[in-house]
Amino acid sequence: MLDPSHPDESLDGILGRLGECLERAQAPYTGLVVCGGAALIATGLHVRTTLDVDILALYDGADRLLDPEPLPEHLLLAAKTVGRELQLPAGWLNNGPSSNSGGLFQMGLPGGLMFRLIRRDYGNRLGVSFVGRLDQIHFKLYASVDRGGYHISDLEALRPTDEELILAGRWAMTHDVSPGFRGMLKQLLQELGHHGAAERL
């Protein structure tokens with residue numbers, strides 16, 4: 001578990017170890033775009049623990065976003081080494097959000113996401129860009145309708161406005177175009193007290 005209250009288990013500490021491992025292996029430069037709980041922690045948007053680091057996309061030296069499926073072998077090897085050293089859960093670094101044809105990257109990211117990323121370097125061979133608040137609202141709203149649970153708590157912690165939820169809702173409906181999804185989306189917004197946003201979707 002990645003726990004921001006313990007330095008040895010902090011996200012920065014773990015990613016720093018990953019960068020060191022890539023350096024020792026003289027691996028190619030690797031750029032990651034991270035979403036989910038790890039990005040919430042890194043950007044200070046919501047302080048909580050998380051079990052993993054979710055890779056939304058890769059990026060190259062020209063800052064072009066790339067499909068993270070499959071993840072580079074050198075990155076997987078380094079993650080395995082760090083996981084073993086720090087006793088992290090298997091798959092602590094994964095591309096779950098964008099691991100197949102129905103993934104977030106593959107289906108289309110929110111417009112302008114690239115310009116809202118918050119970037120940090122961990123040595124010379126690892127760069128990590130964390131998803132910003134507006135894009136987290138997009139992803140968390142979509143996940144809240146689809147899966148509920150802690151995603152709803154994360155969404156509420158972001159304190160979205162009606163306008164932000166309308167943007168996020170319209171984007172989410174490009175990923176699931178079914179009338180049923182739209183109905184569940186509107187119902188969730190009403191339950192969260194965002195009646196104006198629900199009426200405009």
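1. Phe139 touches Cys35, Leu56, Leu104, Leu109, Pro110, Leu113, Val131 and Trp171, leaving aside residues up to four places away in sequence; contact here means heavy atoms within 4.5 Å. Please bear in mind that this is a predicted model, where local features need pLDDT of at least 70, side-chain atom pairs count only at pLDDT 80 or more, and totals for chains, interfaces and linings use all residues. Residues are numbered from 1 along each chain as its sequence is written, and side-chain values use heavy atoms, with hydrogens and water left out.

2. Phe139 counts as buried at 7% relative accessibility, and Trp171 does so at 8%. Buried means under 20% relative accessible area, with a 1.4 Å probe and protein chains only.

3. Now the rings. There are 3 aromatic pairs, a pair being rings of Phe, Tyr and Trp (its six-membered ring) with centres within 6.5 Å; planes under 30 degrees apart count as stacked, over 60 as edge-to-face and the rest as tilted. Phe139 and Trp171 have ring centres 5.5 Å apart and planes at 70°, so they are edge-to-face.

4. Tyr142 and Phe181 are edge-to-face too, because their ring centres lie 5.8 Å apart with planes at 65°. Both Tyr142 and Phe181 are buried. Phe139, Tyr142, Trp171 and Phe181 form one aromatic cluster.

5. On cysteines: Cys21 is buried at 8% relative accessible area, and Cys35 is buried at 5%. The count of disulfides (pairs of cysteine sulfur atoms within 2.5 Å) is 0.

Conventions:
Buried < 20%, exposed > 50% of the residue type's maximum accessible area, 1.4 Å probe, protein only.
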